[in-house]
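Here is a short briefing on one protein model. Please look over the sequence and the structure before reading the points below.

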Amino acid sequence: MPTLTIQTAPTPAGELPEMPIEPSWIKEGNPIARGTILTQSEDKKVSSGLWSCEPGKFEWTFSWDEFVHILEGEVDITEEGTDNTLTLRPGDMAHFPIRMKTHWHVKQAVRKFFVIRTAEPFEL
């Protein structure tokens, strides 16, 4: 049986490593995205980390279940094929199910904490 341990990670200071948005998904502006994985389960199917993005508009299809907590900024997110737009600001939390297609309008640079659950081990 594997040894159970508690993982910890310091909050990174400064800019995060680049984690670019698929260029064909960008619709307006220059939404430069950065992010890092901070902790992972032993099987690498549950990961947590930080992500930031500069203002712009893009689409995003979730390849995993994702839970977010907005730390800074403001973003409007619209579910594909609906008029359902959600505005997320500091302190807000949300869940995005796997395969959901969304349209993001980052109005003020965003920084979020996330937890993702993937079907396969997640390697960055």
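Strand 8 supplies the largest share of the lining of the largest pocket, with four residues. The model is a predicted one. That pocket holds about 240 Å³ of space. Met19, Trp51, Trp60, Trp64 and Glu66 are the closest to its centre, out of 14 lining residues.

**Largest pocket**

- Two elements each give at least two residues to the lining of the largest pocket: strand 4 (56-61) and strand 8 (101-117).
- Twelve residues of this lining are nonpolar, and two are charged.
- The lining has no polar residues.
- Trp60, listed among the residues closest to the pocket centre, has Thr102 of strand 8 as its bridge partner.
- Glu66, also on that list, has a bridge partner in strand 8, Ile116.
- Glu66 also stands opposite Phe96 in strand 7.

**Second largest pocket**

- The volume of the second largest pocket is about 160 Å³.
- Its lining includes Gly14, Glu15, Leu16, Ile32 and Arg34.
- Ser52, Cys53, Glu54 and Glu72 line it too.
- Ala109, Val110 and Arg111 are also part of the lining.
- Strand 3 (46-53) and strand 8 are the elements that give two or more residues to this lining.
- Strand 8 gives the most, with three residues.

**Overall fold**

- The protein has eight strands and zero helices.
- From the N terminus, the order of elements is β-β-β-β-β-β-β-β.
- The radius of gyration is 15 Å, close to the 14 Å from the globule rule for 124 residues, so the protein is as compact as a globular protein of that length.
- Along the principal axes, the C-alpha atoms fill a box of roughly 50 × 30 × 25 Å.

**Pairing with strand 8**

- Strand 5 (residues 65-79) pairs with strand 8 over 13 bridges, in the antiparallel sense.
- Within the pairing of these two strands, Ile70 has Lys112 of strand 8 as its bridge partner.
- Strand 3 and strand 8 are antiparallel partners as well, with eight bridges.
- Ser48 is bridged to Val115 in strand 8.
- Strand 4 joins strand 8 through six bridges, again antiparallel.

**Other partners of strand 5**

- Strand 5 and strand 7 (residues 93-96) run antiparallel and share four bridges.
- Strand 5 and strand 6 (residues 85-88) are antiparallel, joined by four bridges.
- Val75 has Leu88 in strand 6 as its bridge partner.
- Strands 5 and 6 form a hairpin, with five residues between them.
- Gly81 lies in the turn of this hairpin and has a positive phi of about 80°.

**Threonine contacts**

- Which strand holds Thr39? Thr39 is found in strand 2 (residues 33-40).
- The side chains of Thr39 and Ser48 are joined by a polar contact of 2.4 Å.
- Beyond its neighbours within four places in sequence, Thr39 is in contact with Gln7, Ala9, Val46, Ser47 and Ser48.
- A polar contact of 2.7 Å links the side chain of Thr78 to the side chain of Thr85.
- Leaving aside neighbours within four places in sequence, Thr78 is in contact with Asn84, Thr85, Lys101, Thr102 and His103.
- One of these contacts of Thr78, Thr102, is the strand 8 bridge partner of Trp60.

Note on methods: Residues numbered from 1 in each chain as written. Predicted model: local features only at pLDDT ≥ 70, side-chain atom pairs only at ≥ 80, totals over all residues. Heavy atoms only, no water. 1 Å grid on protein atoms, 1.4 Å probe; cavity = no way out; pocket = protein on both sides within 12 Å on 5 of 7 lines; lining within 4 Å. Points joined across faces, edges and corners; volume = space filled by probe spheres on them. Nonpolar A, V, L, I, M, F, W, Y, C, P; charged D, E, K, R; others polar. Polar contact = N/O pair within 3.5 Å; in protein donor to acceptor, adjacent residues only side chain to side chain. Contact = heavy atoms within 4.5 Å. Pairing = 2+ DSSP bridges. Rg over C-alpha atoms; globule rule 2.2 N^0.38 Å.
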